[in-house]
Amino acid sequence: MTYSKEIKVGLSIVVAAIVFFVGLRFLQNVPIFKSSYALQTEFQDAGGLVAGNPVQMKGVNIGTVESVKLDLSDQVVRVIFRVEEDVKVPQGSFAEASGFSALSGVKLAITPGPASNPPVEPGSTLPGPPQGGILEQLSDAGPRLVSRADSTLTDASIAMQALSEKVSNPTSNLNQLISALEQTGRNLERATDDEALGNTIENLEAVTADLRRLSGETQAAEDSLSENNLGEIMARLNRSLNKLDRNLANLERSTTNLGEITDKINNGDGTAGRLINDPSLYNRLDSAAVQANELLRDLQENPNRYLDDMTLVKVF
């Protein structure tokens, strides 16, 4: 039995078409004998996505990209992809291109919506990611983060430099505050050695001794208490209390005086306050000392300038 050339050519074309179809679906990672349905999505940037790239959901291949085309009228990239028929994509899902094109690892990733949602219809359009892909977010936020970090470091450097200048400058407010605190501490130390305060403490010790003796006498007089003894004890107790009141009043006046002295020093009142808070006095004393040194130096170097016009009578 012989076959005509037309039949052989037709059979060859059919076999070639079958081989081409099978090979194409194999290369596109699409099941050869399993049906699928088409979906589409839109991006502002394809990110290196091309036809044949896999479609994944939760890291599992569920289909392949069929076409990637640029729509010049809307300035968007339209992507058509196919998903295996037994995989249902729930409503509320979105698609995004992920991976690195330089490593040929770009894929179309589908983030599924809630499992309770009904599946999307074939031919539907899945929205893109809500705020762009991860690389896009990093690319947009990178300059702002760098600028903010640079500004923070610059401010910290300026603050440290200003603090260093304040510490190294003897006339700065910071050093004046430290000096004032040191002076206040010395004043308080001197105040604790004040004679009036010492006398007050001695008086308090005397009152304490009197009260101790009174307690002993009271205990001893419990067995033979009389009206005269009770009156004497009450009189001594009144005298002791009056003495205690006077001592406490002296202590309160001393404390008040000490507070007033400290306030005056802090406010710059009086000689001590001006010495601590007014740097101009120190500057004037320093200037006067410098001028006096210059005058003495000039007198030593040029005595005739000052003695030529002076007679013996004027000198003595």
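Colleague: How many salt bridges does the structure hold?
Modeller: The structure holds four salt bridges. Keep in mind that this is a predicted model.

Colleague: Okay. Which residue forms a salt bridge with Glu42?
Modeller: Arg78 does, and the closest N and O atoms are 2.0 Å apart. That pair links distant parts of the chain: Arg78 lies in strand β4 and Glu42 in strand β1, 36 residues apart.

Colleague: Is Arg78 buried, exposed or partly exposed?
Modeller: Arg78 counts as partly exposed because its relative accessibility is 27%, and buried would need under 20%. Glu42 has 35% relative accessibility, so Glu42 is also partly exposed.

Colleague: And what about Asp74 and Arg78?
Modeller: Those two form a salt bridge, with the closest N and O atoms 2.8 Å apart. Asp74 is at 46% relative accessibility and therefore counts as partly exposed. Salt bridges that share partners join Glu42, Asp71, Asp74 and Arg78 into one network.

Colleague: Now Arg82. Which residue does Arg82 form a salt bridge with?
Modeller: Glu66, with the closest N and O atoms 3.4 Å apart. This pair links distant parts of the chain as well: Arg82 is in strand β4, Glu66 is in strand β3, and they sit 16 residues apart. At 25% relative accessibility, Arg82 counts as partly exposed. Glu66, at 37%, also counts as partly exposed.

Colleague: Switching topic. What order do the strands of the sheet have?
Modeller: The order is β5-β6-β2-β3-β4-β1-β7. It is an open sheet of seven strands with mixed pairing.

Colleague: Which are the edge strands?
Modeller: β5 (94–98) and β7 (125–126), each pairing on one side only.

Colleague: In what sense do β1 and β7 pair, parallel or antiparallel?
Modeller: Parallel, over two bridges. Thr41 has Leu126 in β7 as its bridge partner.

Colleague: Last topic, the largest nonpolar core. Which residues touch the most other members?
Modeller: Leu108 and Ile110, out of 21 residues in that core. Strands β1 (36–43), β2 (54–57), β3 (60–71), β4 (76–84) and β6 (107–111) each supply at least two residues of the core. The largest share is four residues, from β4.

Colleague: Leaving aside neighbours within four places in sequence, what is Leu108 in contact with?
Modeller: Its partners include Thr41, Phe43, Leu49, Pro54 and Val55. Also among them are Val65, Val79, Phe81 and Ala95.

Conventions:
Residues numbered from 1 in each chain as written. Predicted model: local features only at pLDDT ≥ 70, side-chain atom pairs only at ≥ 80, totals over all residues. Heavy atoms only, no water. Core = buried A, V, L, I, M, F, W, Y, C linked by side-chain atoms within 4.5 Å. Buried < 20%, exposed > 50% of the residue type's maximum accessible area, 1.4 Å probe, protein only. Contact = heavy atoms within 4.5 Å. Pairing = 2+ DSSP bridges. Salt bridge = Lys/Arg side-chain N within 4 Å of Asp/Glu carboxyl O.
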